[in-house]
Amino acid sequence: MLKRAISTLVLWVALIVLLRYFGRPAAVLFTTLLAVLTQHELYGMLARMGHRPFHRLGLLIGAAMLLVPYAVRTLAPQYFITGPGMTASLMALAVVLCCVRLLSMRDPGKRFDTLAATLFGIAYVPFMFHFVIEIFFLRDATNPNQGLMLVVWLVAVAKFCDVGALLVGTAIGRHKMSPTISPKKSWEGLVGGVVIASGVGTALVHFFRPSGLYPENFTLLWSALAAIPIALIAVVSDLVESIIKRRADIKDSGNAIPGIGGAFDLTDSVILTAPAAYILFAYLLRLGGA
């Protein structure tokens, strides 16, 4: 528990310093690094199950899916396809490339498993992560850093739901939520995690909205309510990783982060919450007339 707390604190300090002093370019590179590491660990677990994905090709496509739209948007905005459309095009291209690569496989009995595993890794990690980068660019007319702070809000809500569920579940958890997937999770912990996540998200808005770092119509009530579905989806995202790890017969996806595990163990709750948060934030900004 102590190692987990120290690692969490160090990561939060690093995130704040990164966003404060290096801004959006560094945030995009950091997001891409985390996504590639997560995808790498996912492919490793799929390989343990016997699926043999195209590891290097999948990672290359995944990195391109995150970096190419950002590069085009920054260096040649006249060619940028608005919103997530460019990434959807890259996802279609990924299917084509993987199918072409499939033709060179010598073992016909593994072709379908390899194709499915490779595309699942691309769709589940970099495609979902690109919504984080899309959020970086969301803002109203008052402050260009609002997108960065919206991501901070998302990460805080998702991760503090996990922390809150662990603390509350350890203290008073009695009723198992999903004993066959994650025996330590309880319904009491779920409720506690959602409440704590909602409180943390509301506190961020309370302290930083007056300085223009959150949209004006991102009210305390809106933050408290929006945090509930994000926290619940974060729990589902965590359970999905548990299913994958249990099938691969491993405890952690890696050992790079003391007390937490691997990159996948760190990013699991953000994978499914990123697109949901993007939809919520985009709707909020549209209501505000941005």
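Where is Asp140 found?

1. In this predicted model, Asp140 is found in the loop between H4 and helix H5, the latter spanning 146-172. Its relative accessible area is 14%, and Asp140 is therefore buried, the cut-off being under 20%. Asp140 and Arg286 are separated by 146 residues in sequence, yet their C-alpha atoms are 9.0 Å apart in space.

2. The axes of H4 and H5 come within 7 Å, with a crossing of roughly 135°. That angle makes H4 oblique to H5. From H4, the residues in contact are Val132, Ile135 and Phe136; from H5 they are Gly147, Leu148, Leu150, Val151 and Leu154. Sorted by class, the contact of H4 with H5 holds seven nonpolar residues, one polar residue and no charged residues.

3. H4 (residues 111-136) also packs with helix H2 (residues 55-75), at an angle of about 25° and with the axes 9 Å apart. H2 and H4 are therefore roughly parallel to each other, as angles under 35 degrees are counted. The crossing of H2 and H4 is right-handed.

4. The contact of H2 with H4 draws on Gly58, Ile61, Gly62, Met65, Leu66 and Arg73 in H2. Their partners in H4 are Thr118, Ile122, Pro126, Phe127, Phe129, His130, Ile133 and Glu134. By class, the residues of the contact of H2 with H4 are eight nonpolar, four polar and two charged.

5. The count of aromatic pairs comes to nine. One of them joins Trp153 and Phe281: the ring centres are 5.6 Å apart and the planes stand at 70°, so the pair is edge-to-face. Trp153 belongs to helix H5 and Phe281 to helix H8 (residues 263-287), so the pair ties together parts that lie 128 residues apart in sequence. Both Trp153 and Phe281 are buried.

6. Phe218 and Trp222 form another ring pair, with centres 5.1 Å apart. The planes of Phe218 and Trp222 are at 85°, over the 60-degree cut-off, so this pair is edge-to-face. Phe218 has 0% relative accessibility and therefore counts as buried.

7. Which residues do ring pairs link into a cluster? The cluster consists of Trp153, Tyr214, Phe218, Trp222 and Phe281.

Key
Residues are numbered from 1 along each chain as its sequence is written. This is a predicted model: local features need pLDDT of at least 70, side-chain atom pairs count only at pLDDT 80 or more; totals for chains, interfaces and linings use all residues. Side-chain values use heavy atoms; hydrogens and water are left out. Axes are lines fitted to C-alpha atoms, for helices over the stretch in contact, and angles run from 0 to 180 degrees between N-to-C directions. Helices (H or I, at least four residues) and strands (E, at least two) are DSSP runs, numbered from the N terminus. Angles under 35 degrees count as roughly parallel, over 145 as roughly antiparallel, 65 to 115 as roughly perpendicular and the rest as oblique. A crossing is left-handed if the near helix is turned anticlockwise from the far one by less than a right angle, and right-handed if clockwise. Contact means heavy atoms within 4.5 Å. Ala, Val, Leu, Ile, Met, Phe, Trp, Tyr, Cys and Pro count as nonpolar, Asp, Glu, Lys and Arg as charged, and the others, Gly among them, as polar. Buried means under 20% relative accessible area, exposed over 50%, partly exposed in between (1.4 Å probe, protein chains only). Rings of Phe, Tyr and Trp (its six-membered ring) pair if their centres lie within 6.5 Å; planes under 30 degrees apart count as stacked, over 60 as edge-to-face and the rest as tilted.
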